Amino acid sequence: MPEALLTLDGVHTHIGPYHILHGVDLEVPAGGVAMLLGRNGAGKTTTLRTIMGLWKASAGTIRFHGRDIAGLDTPAIAKLGIAFVPEDMGIFTDLTVQENMMLAARSGAPDRPRLNWICDLFPPLRTFWHSPAGTLSGGQKQMLSVARAIIEPRALILIDEPTKGLAPAIIKAMTAALRQLKETDTTILLVEQNFSMARALGDTVAVMDDGRIIHEGDMADLSADAGLQERLMGLSLEAHQ
Amino acid sequence: MSDERIRPRFDELSFSQRLGEHAPLLLAPVLAVLGLIAIGDPTTWLTLTVAGLAMGLMIFIMASGLTIVFGLMDVINFGHGAFVAVGAFVGVTVLSLLSGWTGTPDIVMNISAILLAILAAMIATGAMGWLFERVIVMPVYGFHLKQILVTMGGLIVTEQLIHVIWGPDALHIARPETLQGSVIVFGAAIEKYRILAVAVGLALFFAMRHVLRKTRIGLLVRAGVENGEMVEALGYRIKALFLWVFVAGSALAGLGGVMWGLYQETITAQMGSEIMVLVFVVVIIGGLGSVEGCFIGALLVGLLANYAAFLAPKVALVSTIALMVAVLMWRPQGLYPVVKAK
Amino acid sequence: MLVRIISGDMPRSRLLSLIVLVIGFSLLFAPFLFPGIKSLDTAARIAIFIVLVASYDLLLGYTGIVSFAHTMFYGIGAYGTALALDAWGPSFWAMGLGTLLGALVAAVLALLIGLFSLRVRAIFFAMVTLAIASAFAVLVSQMSAFTGGEDGLTYRIPRELTPAFRLMTDKILDVSINGRLLAYYLIFFCALVLFLVLLRIVNSPFGTTLKAVRDNSFRAEAIGYRVIWYRTGATVLSAVVAALAGSLLAIWLRYTGPATTLSMEIMINILLMVVIGGMGTMYGAVVGATIFILAQTYLQDLMGIASKATDGIPLLSELIAPERWLLWLGVLFILSVYFFPTGIVGRLRGEVK
């Protein structure tokens with residue numbers, strides 16, 4: 001197994017009086033797509049936000065490239081090469097598509113060929129380049145959010161439920177784009193509820209419940225093992241109802 | 001993948017919706033026309049309108065910093081008025097030191113003296129803003145109640161320090177030679193200083209618009225107003241950005257203080273807290289955090305206050321409150337509610 | 001019995017109990033303990049301010065709302081009584097009716113402001129009340145035909161409450177039992193009753209809900225409380241009590257003007273008293289108002305002496321001049337917001353936040 005790019009070790013997170021993560025251990029290998037699955041409220045979003053430093057871990061270590069980043073603030077973590085696509089997409093609606101992209105490119109002007117590549121991945125961005133991002137549809141906003149995260153090469157991208165509330169055609173487009181992204185040298189940690197998308201994209205998978213990782217392994221194994229799926233997902237479903 | 005299906009739906013906006021969106025822009029002209037009808041005499045109206053614009057733009061200078069600071073960090077600075085007063089006192093001190101420049105009827109010398117006074121005031125209040133943010137505001141991020149209390153405390157302390165430094169009495173200041181008196185335009189007497197105030201205010205508004213729309217810093221500020229967390233996740237330190245916005249806002253308050261002091265020709269330590277009432281009304285009318293709203297609100301307040309002072313002097317200040325109530329009935333968040341992600 | 005009177009809200013600190021008792025007894029026997037016009041005046045002002053500050057704490061401490069209109073309501077009460085006495089002559093019914101009308105106007109105005117501006121965000125309320133209160137102050141000073149303008153109103157109060165009225169010819173403990181003494185006790189007992197009513201309110205289910213709203217308005221709303229009604233209710237109650245305190249002041253001073261009731265300075269004093277005494281506890285108002293007014297009355301003299309003594313040192317003598325006492329209070333205020341937000345009372349109770 002290649003050396004892990006990101007390692008969470010016994011991470012606890014408190015939000016106000018609530019104890020959300022109860023010791024998360026997670027390894028994200030370099031390259032490829034790591035899926036993070038689990039029912040609503042299992043702690044997936046909190047895990048991503050804790051990695052990003054938006055919530056502070058109250059205990060445990062988060063190592064990125066071998067370096068503990070748990071104590072760093074969000075901008076410092078971002079500058080190490082981690083990008084974040086939040087669940088609410090975090091689009092600046094008041095700014096145009098172009099301005100959103102410009103801000104995401106920290107070094108200044110974005111690289112032309114890369115920009116073209118991104119616009120080929122997400123053609124609507126080119127169409128609405130000068131429109132305020134607030135006028136985009138939900139799917140286009142999601143594309144912009146992902147595009148923003150990859151405007152410059154980043155080592156790791158955290159994506160939180162990119163298919164939430166989107167129409168099937170757009171989910172298909174998004175899956176295709178992420179698959180192309182996978183071909184580049186980028187590692188993706190992807191939170192998803194949509195199992196078919198997870199199956200299509202994931203290399204490794206971790207399943208969360210109640211603030212802990214309850215299963216870690218290869219996506220292919222989980223896809224093949226209906227019993228395991230039943231046990232993990234069924235458990236989730238049960239807990240859900 | 002079918003490109004057709006991911007196209008956005010552009011719902012046709014109805015005429016009234018489109019009118020509603022741009023309605024705030026029409027308010028100031030509408031008010032001016034109503035003023036003309038109520039006042040009747042066009043030359044009086046012109047005098048009052050210029051006076052109103054001058055007053056409104058000076059308030060805008062003071063209010064703009066406050067509203068951006070609020071938009072960006074959700075910090076409301078009740079001590080903002082202290083910067084206005086300090087700016088006025090520093091500016092007046094510089095002007096009195098330059099009495100040789102202000103006393104001659106040479107417009108270049110006069111304007112240079114004012115510019116120097118403004119520069120000194122802005123440096124002083126900017127530095128004070130830096131101190132204020134680090135010492136007073138930073139420990140209470142996220143707690144509105146404490147923010148109001150400590151910034152109020154900062155206001156009290158600053159006003160008292162003005163007394164300690166400049167003495168307990170009001171200071172009088174004469175405008176520079178060439179800015180005294182009026183010019184006659186279309187038969188209406190227009191104070192020269194008001195023309196300067198309008199020019200400075202408009203220049204500032206367009207400069208600010210340019211910075212907010214065309215520069216990276218400006219885009220970051222606007223992005224930060226909407227979603228500060230995402231700005232941080234993109235790798236920018238919003239607290240550093242905020243510090244500089246706070247400093248800039250304080251410096252603008254100092255600029256406003258000099259302008260307002262020269263306008264009133266009398267300055268007191270309490271002038272800041274007095275003008276803050278109008279500043280708050282303007283910020284509320286415009287929508288907390290919105291520079292455009294603040295601009296329109298300031299023009300409305302300035303015009304209305306001057307028309308009302310002419311038509312019914314006793315209710316001049318009450319008229320601006322009535323305006324605030326009316327605007328809030330129409331749009332409870334102000335003219336341009338600022339989009340907040342959370 | 002005593003516990004019931006104070007609604008079961010014990011001071012919860014031996015030293016605090018002692019201080020509150022000392023203040024209470026000192027005020028009760030003030031005419032006999034501290035003879036002299038100035039000290040009786042100070043005692044009356046302490047009693048009035050305890051009520052005023054306690055009513056403000058109902059908003060600030062218990063509801064988490066910052067209002068800058070409290071002096072407006074205080075002034076409405078004072079002007080209500082003053083205008084009635086001025087217009088209808090010095091009778092008790094004029095005094096009572098004026099007081100009642102003042103409280104009613106305050107209640108209606110508070111209701112309107114509350115419903116209007118508490119709906120959006122709590123921070124609006126601070127700004128809106130600041131604007132409205134200063135507009136009100138300007139309005140009062142401009143309508144001079146009606147309110148006496150900046151000069152205010154001087155009027156007569158019922159003869160039974162003036163020094164000219166002798167209840168008995170003999171003196172008790174060398175204190176003449178006259179109408180002034182009656183006036184003092186009228187103020188004192190009214191203030192006591194109002195304070196106990198406030199104590200009852202904050203310890204009632206309504207008060208408990210207010211605190212829940214203050215701590216987490218979303219949750220309170222989710223549980224099913226109409227947050228706006230609770231906030232507005234607190235605003236109205238506090239306005240009514242403030243107006244009544246204003247009426248007491250009008251009766252005591254026999255004068256009502258903008259400087260004694262509506263000025264921003266008094267508003268700031270109230271803020272200082274609440275925060276230094278301790279937000280969110282009624283006893284904080286007792287301690288804060290007493291210390292503040294004693295300091296205002298006597299500390300300034302002390303600073304005057306110190307300032308004279310340091311006359312040679314330019315900046316220092318300026319800094320400790322008696323007029324500059326607000327500077328030091330401001331510093332104390334900021335420090336207390338940071339370092340002991342629960343104020344003196346919180347410190348005495350050993351609360352750590």
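Q: Over residues 234–255 of chain C, what are the percentages of helix and strand, and how far apart are the end C-alpha atoms?

A: A quick word first: this is a predicted model, where local features need pLDDT of at least 70 and side-chain atom pairs count only at pLDDT 80 or more, while totals for chains, interfaces and linings use all residues. Residues are numbered from 1 along each chain as its sequence is written, with chains lettered from A and ligands numbered from 1 in the order in which they are written. Helices (H or I, at least four residues) and strands (E, at least two) are DSSP runs, numbered from the N terminus. Residues 234–255 of chain C come out at 91% helix and 5% strand, with 29 Å between the end C-alpha atoms.

Q: Which residues of chain C does UniProt list for "transmembrane region"?

A: An unreviewed UniProt entry gives 15–34, 95–116, 122–140, 181–202, 234–255, 267–295 and 325–346 of chain C. Positions follow the numbering used here, feature names are shortened, and annotations may be inferred rather than shown by experiment. For residues 95–116 of chain C, the model has 100% helix and 0% strand, with end C-alpha atoms 31 Å apart.

Q: Which residues of α17(C) are buried?

A: Count C-beta atoms, placed from the backbone: a residue with 20 or more others within 10 Å of its own is buried, 12 or fewer makes it exposed, and in between is partly exposed. The buried ones in α17(C) are L327(C), L329(C), G330(C), F333(C), I334(C), S336(C) and V337(C). An α-helix has 3.6 residues a turn, so residues three or four places apart point the same way. The cover over the buried residues of α17(C) includes α5 (107–137) and α6 (144–166) of chain B, plus α14 and α18 (343–349) of chain C.

Q: Why does W93(C) count as exposed?

A: W93(C) counts as exposed because it has 11 C-beta neighbours inside 10 Å. W93(C) sits in helix α6 (residues 92–117) of chain C, and its C-alpha is 9.5 Å from that of P158(C), 65 residues apart along the chain.

Q: And why does M143(A) count as buried?

A: The count is what decides: M143(A) has 27 C-beta neighbours inside 10 Å, so it is buried. M143(A) belongs to helix α6 of chain A. Contact is another term, used when two residues have C-beta atoms, placed from the backbone, within 7 Å. Leaving aside neighbours within four places in sequence, M143(A) is in contact with F122(A), P124(A) and L125(A).

Q: Which pair of chains has the most contacts?

A: Two pairs of chains touch, and B and C have the most contacts. There, 35 residues of chain C meet 31 residues of chain B. On the chain C side, α7(C) gives the most, with 14 residues. By class, that side has 27 nonpolar, four polar and four charged residues. Nonpolar means Ala, Val, Leu, Ile, Met, Phe, Trp, Tyr, Cys and Pro, charged means Asp, Glu, Lys and Arg, and the others, Gly among them, are polar. Chains A and C have no contact, with their closest C-alpha atoms 12 Å apart.

Q: How many residues of chain A are in contact with chain B?

A: It's 32 residues of chain A against 23 of chain B. Helix α7(A) gives the most to the chain A side, with five residues. That side divides into 19 nonpolar, seven polar and six charged.

Q: Which residues touch the most other members of the largest nonpolar core?

A: A nonpolar core is a set of buried Ala, Val, Leu, Ile, Met, Phe, Trp, Tyr and Cys residues joined through C-beta atoms within 7 Å. The largest has 316 residues, and I48(C) and I50(C) touch the most other members. Helix α2 (residues 42–73) of chain B supplies the largest share, 20 residues.

Q: In what order do the strands of the open sheet in chain A stand?

A: Strands pair if DSSP finds at least two bridges between them. Here four strands run β2-β1-β4-β5 (chain A), with antiparallel pairing. At the edges are β2 (18–29) and β5 (67–68) of chain A, each with a single partner strand, so one side of each has no neighbour in the sheet. β5(A) pairs with β4 (residues 57–64) of chain A over two bridges, and D68(A) is the bridge partner of R63(A).
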